[in-house]
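Dear colleague,

I am passing on the structure that you will find just below, and after it I set out what was found there. Please read the notes with the structure open beside them.

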Amino acid sequence: MTKIFALSILCIFSFINLAIAQETDGYKRNFKFGVGLSGGLPLNDPYNFIVGGDVRLQYNISQSYSLCLTTGYNNLFVDNEEPNFGYVPVKVGYKTFLFKNEFYVMGEIGGAFSTTKEYNNNSMLFSPSIGYATKYVDISVRYEFLKDFPIVKNNVADNGLAQVMLRLAYGFDL
């Protein structure tokens, strides 16, 4: 987890460095802030569905490329008497806009920090996504893989939670 923290600090300093860099290509770089709601389906047992919310800070490097820092809270609902499973994701990402700067692909990496007492571990998190963004609305579908979170596979405890989520967000320029 120390490596994840160091990577997060490095990315934050990169954001700051890019924000104060001089404009050399005529594009006015800017920040964008978004608030989103997500819902989806875990692809592993014993989870039924997932609901979450997030905030995202996006730095537009150019019309086609952006850096992102995302955090929030997600809750996985379990189908038996076991406690629901919650975690806080912290991710850094790179977004590339396609087709008139509305459709995009994005990749994120970071950490997921458990908030459930019964499971006191953390995990690396990988998350590719595709989406459509206008000036204020962002709709995307993402696949998330949490390497060290618990699952049940063939009635045996294992690790490697995978899930597919739909995100609807409202964003605005800062």
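How many aromatic pairs does the structure hold? The structure holds eleven aromatic pairs, where the rings of Phe, Tyr and Trp (for Trp, its six-membered ring) are paired if their centres lie within 6.5 Å, and planes under 30 degrees apart count as stacked, over 60 as edge-to-face and the rest as tilted. One of them is the tilted pair of Tyr170 and Phe172, at 6.1 Å centre to centre and with 40° between the planes. Tyr170 is partly exposed at 46% relative accessibility, and Phe172 is also partly exposed, at 29%; here buried means under 20% relative accessible area, exposed means over 50%, and partly exposed is in between, with a 1.4 Å probe and protein chains only. Ring pairs also join Tyr170 and Phe172 with Phe33 and Tyr136 in a cluster.

Before going further, please note that this is a predicted model, in which local features need pLDDT of at least 70 and side-chain atom pairs count only at pLDDT 80 or more, while totals for chains, interfaces and linings use all residues. Residues are numbered from 1 along each chain as its sequence is written, and side-chain values use heavy atoms, with hydrogens and water left out.

Strands
Strands are DSSP runs of E with at least two residues, numbered from the N terminus, and two of them pair if DSSP finds at least two bridges between them. Strand 4 (residues 85-98) pairs with strand 5 (residues 103-114) in the antiparallel sense over twelve bridges, and within strand 5 it is Ile109 that is the bridge partner of Val92. Strand 5 also runs antiparallel to strand 6 (residues 122-133), to which eleven bridges join it, and Glu108 stands opposite Ser127 of strand 6. In the loop between strand 1 (30-42) and strand 2 lies Pro46, which a cis peptide bond, with omega of about 10°, joins to Asp45.

Salt bridges
A search of the whole structure finds eight salt bridges, each being a side-chain nitrogen of Lys or Arg within 4 Å of a carboxyl oxygen of Asp or Glu. Among them is the one between Asp54 and Arg167 (2.9 Å, N to O), which links strand 2 with strand 8 (residues 156-173) across 113 residues of the chain. Asp54 counts as buried at 9% relative accessibility, as does Arg167 at 2%. Arg167 also meets Asp138 in a salt bridge (3.7 Å, N to O); because Asp138 lies in strand 7 and Arg167 in strand 8, this pair ties together parts that are 29 residues apart in sequence. Both Asp138 and Arg167 are buried.

Glu144 and Lys91 form another salt bridge (3.1 Å, N to O), and both residues are buried. Salt bridges that share partners join Glu144 and Lys91 with Arg56, Glu108 and Arg142 into one network.

Cavities
The structure holds two cavities of 30 Å³ or more, a cavity being a set of points on a 1 Å grid over the protein atoms alone where a 1.4 Å probe fits but cannot get out, with lining residues having an atom within 4 Å of a point.

Conventions. Helix = DSSP H or I, 4+ residues; strand = E, 2+ residues; numbered from the N terminus. 1 Å grid on protein atoms, 1.4 Å probe; cavity = no way out; pocket = protein on both sides within 12 Å on 5 of 7 lines; lining within 4 Å. Points joined across faces, edges and corners; volume = space filled by probe spheres on them.
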